[in-house]
Amino acid sequence: MNVAILGVGVVGSEVANILLKNKKIITARSGQQIIPVVGVVRNLDKKRDVKIPLSADIDSVIKRDDIDVYVELMGGVDEPYRVVSEILKRKKAVVTANKALLAYHRFKLQNLAADTPFGFEASVAGGIPIIKTLREGLSANHILSIKGIMNGTSNFILTSMMNGGANFDEALKTAQNLGYAEADPTFDIGGFDAAHKLLILASIAYGVHGDPEDILIEGIERITKEDIFFANDFEYVIKLLAIAKKVGEKVELRVHPALVPKDKMIAKVDGVMNAVSVVGDAVGETMYYGAGAGGAATASAVISDLIDIARGLKTPMLGYKSPLEKELKLLAQDEIRTKYYFRLRVEDKVGVLAKITNLMSENHLSIDSFLQKPVTKSEGEVTLFFTTHTSLEADVKRVIGLLKKQNFIKEDPFMIRIEE
């Protein structure tokens with residue numbers, strides 16, 4: 001089986017090298033040789049540690065008749081969509097690690113692919129076989145929920161803040177120095193990377209449509225040492241969670257920092273590691289843990305798809321051979337219900353606490369716990385921490401808007417959702 005690798009960067013180089021280095025075991029497991037015959041790059045002058053022929057002419061490569069499978073590792077959305085569409089129109093198999101491409105075009109690509117093999121295990125959680133788990137291992141289940149740590153950069157930063165005492169800027173700088181974060185880390189710390197992955201999983205679990213702009217996405221940029229102080233005091237950890245949950249006949253999708261009780265399994269996932277919890281109606285809760293990024297881990301997932309194709313497996317791209325009886329819609333963000341944590345920097349004078357609690361009560365927020373931190377910024381100000389019982393997102397947003405208008409509030413209120 002001849003393979004072309006479109007994009008020979010960190011992951012593409014690993015794919016080529018592993019296919020050559022582990023040739024015997026891959027051939028034994030797949031039943032035939034999987035041969036990387038060409039790699040496509042933008043710059044032929046750049047030195048690469050690969051032993052396969054390289055080309056800069058992607059259009060000539062995708063028209064070759066001697067190539068059986070194309071591995072798309074280009075990055076981006078528009079150009080990969082054009083290229084992959086052309087390949088599928090020629091009835092050639094595709095394997096991709098491109099989560100952004102799938103977040104926006106997964107259903108169009110599914111229609112184009114039809115019975116042509118299309119693998120994308122590497123698009124979510126790197127070396128964790130979560131796509132295969134949902135499409136195949138748990139295919140007899142109604143999926144009740146998915147909850148995951150799907151971005152190693154953010155998890156490393158939050159772990160450094162929780163365990164090492166670093167502030168956000170210090171933890172981000174360390175992540176960049178270690179190569180865990182890009183020079184521009186917005187995509188990771190802003191929650192967008194995890195949101196793309198969540199949409200892919202939700203499509204397999206629920207058949208739900210939607211783009212990243214349609215779901216709740218919040219990043220970790222505003223988390224401070226004060227939030228870490230509260231989390232430790234109340235036996236929580238802070239994690240960037242991607243959450244999919246069936247609520248009646250709708251699906252709730254959201255990505256945001258969350259306070260998680262320390263005794264939960266997912267709370268113990270530290271550093272750059274990823275983990276995904278899946279709850280099925282028949283199997284109950286299952287948990288998957290491993291390296292969520294990195295050239296070798298991602299290449300491992302790419303090659304697992306290549307082996308499946310070589311074996312002749314034709315799993316439907318998103319796991320459905322026929323449409324679901326009823327298409328599930330996305331739950332509106334204002335209809336989300338969970339528990340909430342508030343951090344408020346306020347003027348230190350009599351009556352302020354009563355005004356805050358009255359305002360919350362008038363807008364249907366029931367306070368579960370309260371903590372006051374001594375002066376840390378300037379005389380005459382204090383930090384107040386509140387948690388609520390289960391509340392409606394719309395009510396929480398309204399309270400935040402009202403608090404911003406109060407003259408005793410000294411900085412914008414900050415909120416984190418609580419996932420127990």
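Reply: Glycine 148 is buried in this predicted model, because its relative accessible area is 0%, while the cut-off for a buried residue is under 20%. The residue belongs to strand E7, which covers residues 143-149. Leaving aside residues up to four places away in sequence, glycine 148 is in contact with Leu240, Leu241, Ala242, Ile266, Ala275 and Val276. A further point of reference is glutamate 327, which stands 179 residues from glycine 148 along the chain. The C-alpha atoms of these two residues are 24 Å apart.

The next topic is a pair of helices. Two packed helices are described by the angle between their axes and by the distance between those axes. Helix H7 is formed by residues 152-164 and helix H8 by residues 168-177. Their axes approach to within 9 Å, and the crossing angle is roughly 130°. H7 is therefore oblique to H8, since an angle counts as roughly antiparallel if it is over 145 degrees and as roughly perpendicular from 65 to 115. The crossing of H7 with H8 is right-handed. On the side of H7, the contact involves Phe156, Ile157, Ser160 and Met161. H8 contributes Phe168, Ala171, Leu172, Thr174 and Ala175. Sorted by class, the contact between H7 and H8 comprises 7 nonpolar residues and 2 polar ones, with no charged residues.

Alanine 114 is not a glycine, yet its phi is positive, at about 50°. This alanine 114 is found in the loop that runs between helix H5 (99-113) and strand E6 (118-119). Glutamate 235, likewise a residue other than glycine, has a positive phi near 65°. The loop that holds glutamate 235 lies between helix H11 (225-233) and strand E9 (236-247). Glutamate 235 counts as partly exposed because its relative accessibility is 48%, whereas glycine 148, with a relative accessible area of 0%, is buried.

Terms used. Residues numbered from 1 in each chain as written. Predicted model: local features only at pLDDT ≥ 70, side-chain atom pairs only at ≥ 80, totals over all residues. Heavy atoms only, no water. Helix = DSSP H or I, 4+ residues; strand = E, 2+ residues; numbered from the N terminus. Buried < 20%, exposed > 50% of the residue type's maximum accessible area, 1.4 Å probe, protein only. Contact = heavy atoms within 4.5 Å. Axes fitted to C-alpha atoms, helices over the stretch in contact; angles between N-to-C directions. Parallel < 35°, antiparallel > 145°, perpendicular 65-115°, else oblique. Left-handed = near helix turned anticlockwise from the far one by under 90°. Nonpolar A, V, L, I, M, F, W, Y, C, P; charged D, E, K, R; others polar.
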